[in-house]
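This report describes selected sites in the structure shown below.

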Amino acid sequence: MRKVIHNELYTKRFGIELAQKLKPGDIIALIGDLGTGKTTLTKSIAEGLGITEMITSPTFTIVREYMSGRIPLYHFDVYRLSSAEEMNELGYEEYFFGQGVCVIEWADKIMELIPQGSIIIRIEYGINEEERIYHITNIT
Amino acid sequence: MKDNKLITLGIETSCDETSAAVILEEREVLSNVIASQIKVHQAFGGVVPEIASRHHLNNINPVIDSALKEADITLRDVDLIGVTSGPGLVGALLIGLATAKSMAYVLKKPLIGVHHIQGHISAVYIEHKELEPPFLALVVSGGHTSIVDVTDYNKYEVLGHTRDDAAGEAFDKVARVLGLGYPGGPLIDEAAKKGNPHAVEFKRVFLEKDSLDFSFSGIKTGVLNYLNTQKLKGAQLNVNDTAASFQLAVMEVLTAKTIVAAKRTKRDKIVIAGGVAANSLLRQMMKDECERKGFDLYFPSPILCTDNAAMIGCAACYKYKSGLVDNLFLDAYPNKAL
Ligand SMILES: Nc1ncnc2c1ncn2[C@@H]1O[C@H](COP(=O)(O)OP(=O)(O)OP(=O)(O)O)[C@@H](O)[C@H]1O
Ligand SMILES: Nc1ncnc2c1ncn2[C@@H]1O[C@H](COP(=O)(O)OP(=O)(O)OP(=O)(O)O)[C@@H](O)[C@H]1O
Ligand SMILES: [Mg+2]
Ligand SMILES: [Mg+2]
């Protein structure tokens with residue numbers, strides 16, 4: 001599915017709505033260049049899950065956990081990983097196959113680990129500064 | 001003990017530096033050995049966690065040995081062991097922790113886990129023997145951007161922090177899109193010296209009127225948008241001008257908010273710490289502002305701004321003297337809050 005996101009407000013609305021449908025074990029793989037709004041979208045998903053903590057960029061520690069919402073949120077940024085094997089060191093299986101929702105920035109770096117049934121959102125810059133194009137697919 | 005003074009062994013492995021230091025009492029550095037992995041990670045354009053852990057593992061023992069040797073002491077002289085327990089990369093933290101724990105166990109000496117950011121703040125004590133809390137601190141690094149009211153050696157109140165990217169992270173990301181390489185901070189600092197900081201007016205993000213929080217994801221996207229517009233126009237990109245303009249925009253916000261926070265808390269001393277505190281423009285702007293507004297300014301020399309174990313040893317000694325000792329169950333906390 002292709003969706004035009006006109007501005008940040010649409011990103012917010014999209015994230016909050018998406019969050020309503022999420023259940024434990026769901027995985028959302030975000031793919032898109034620097035600054036396309038992966039963290040911004042994750043903030044809205046978190047808001048939709050009822051998370052009250054501040055969501056900040058996980059680039060530095062690779063994964064951050066948020067427990068204050070309806071379902072736990074595990075927020076990954078795997079940009080700095082050089083290979084999918086490195087995910088083992090983080091104990092990723094406990095997150096991916098656990099009772100929370102995983103949102104993964106730069107998921108293309110670890111595509112072989114993304115399980116079936118995950119939602120993939122590819123984000124591209126649009127024509128205007130605030131516009132983004134979402135390409136949404138499910139891995140089946 | 002040495003001359004009846006406490007000896008602390010500090011260990012730091014939270015990110016890409018493996019470091020060990022020997023500290024006499026709170027503030028005297030007998031040795032501070034740092035094995036940097038920056039060269040190793042340059043090829044990848046940033047720290048690669050698994051590679052980082054492996055290098056820590058190889059480096060940790062030789063680094064501790066040289067720290068002891070340089071301080072002219074043996075392990076038996078060590079009175080307490082301080083180690084970074086978070087935040088950081090979990091695999092990297094665990095190497096330092098496992099080493100510290102086994103040493104504490106074998107030597108039967110107290111073990112003290114140190115918050116990395118408390119370490120960065122404590123770095124300032126080492127070179128400014130007269131500095132005592134309370135003061136207002138701006139901690140700016142690769143993973144943090146916080147304004148902290150330091151009310152006592154072990155009492156901190158975070159007044160504001162970044163809502164998205166840390167300042168150092170923004171430097172690293174912008175350096176990447178400008179093709180400058182890694183680590184971005186020092187490279188942008190250098191490039192900016194040759195550029196015009198008013199060439200591009202990037203938006204300064206101050207958030208709500210009274211907020212002491214920061215947001216740097218907008219300026220990252222702002223730089224990208226600017227690059228795209230230049231490309232569409234077929235215009236030549238001036239890297240130095242872009243770097244200088246970006247840097248000024250970030251530093252204006254950091255400086256302004258720090259001054260507001262100091263006024264609000266009625267502190268007369270301001271400290272800047274963390275990797276980004278090495279930035280030449282930030283230092284100059286803070287100096288000018290503090291002079292104009294009547295604050296005393298303190299910052300560490302560049303080597304104590306980036307990750308090092310001397311700051312961890314110093315912080316550990318202060319914690320020890322306040323009775324804040326951990327046991328061998330001490331764990332790594334990758335996302336620990338201050
Ligand atoms: N429609 C939009 N959706 C999301 N963000 C937008 C939009 N329009 C503008 N922005 C701005 O773009 C920036 C996106 O930054 P963000 O850190 O979320 O990107 P990211 O994809 O996570 O980057 P990184 O690759 O560094 O992790 C924010 O400053 C946000 O305000
Ligand atoms: N001269 C400089 N100007 C701007 N930024 C700089 C400069 N020197 C270093 N930095 C930045 O400082 C950061 C590294 O600082 P530091 O080693 O304290 O961070 P870290 O340990 O990786 O993160 P944290 O301390 O948050 O855990 C990097 O982002 C680097 O680009
Ligand atoms: Mg992000
Ligand atoms: Mg640091």
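## Metal site

Both His120(B) and Asp307(B) are buried, that is, under 20% relative accessible area, where exposed means over 50% and partly exposed in between (1.4 Å probe, protein chains only). The model is predicted: local features need pLDDT of at least 70 and side-chain atom pairs count only at pLDDT 80 or more, while totals for chains, interfaces and linings use all residues. Residues are numbered from 1 along each chain as its sequence is written, chains are lettered from A and ligands numbered from 1 in the order in which they are written, and side-chain values use heavy atoms, with hydrogens and water left out.

The magnesium ion (ligand 4) is coordinated at 2.0 to 2.2 Å by His116(B) (NE2), His120(B) (NE2) and Asp307(B) (OD); donors are N, O and S atoms within 2.8 Å of the metal (3.2 Å for Na, K and Ca), and sites may look incomplete, as water is not among the atoms. Along the chain, the donors of this ion follow the spacing H-x3-H-x186-D. His120(B) lies in helix H4 (residues 116-127) of chain B and Asp307(B) in the loop between helix H10 (302-305) and helix H11 (309-321) of chain B, so the pair ties together parts that are 187 residues apart in sequence. Helices (H or I, at least four residues) and strands (E, at least two) are DSSP runs, numbered from the N terminus.

## Helix H4 of chain B

H4(B) is largely enclosed by the rest of the structure, because 11 of its 12 residues are buried. Among them are His116(B), Gly119(B), His120(B) and Tyr125(B).

## Leu80 of chain B

Leu80(B) is found in strand S4 (residues 80-86) of chain B and counts as buried because its relative accessibility is 0%. Leaving aside neighbours within four places in sequence, its contacts (heavy atoms within 4.5 Å) include Leu6(B), Leu9(B), Ile112(B), Ala316(B) and Tyr320(B). The C-alpha atoms of Leu80(B) and Lys101(B) are separated by 11 Å, the two residues being 21 apart along the chain.

## Ser57 of chain A

Ser57(A) has its place in the loop between helix H2 (38-48) and strand S3 (63-66) of chain A. With 2% relative accessibility, Ser57(A) counts as buried. Not counting residues up to four places away in sequence, Ser57(A) touches Thr39(A) and Arg64(A), as well as Asp164(B), Asp165(B), Glu169(B) and Lys173(B).
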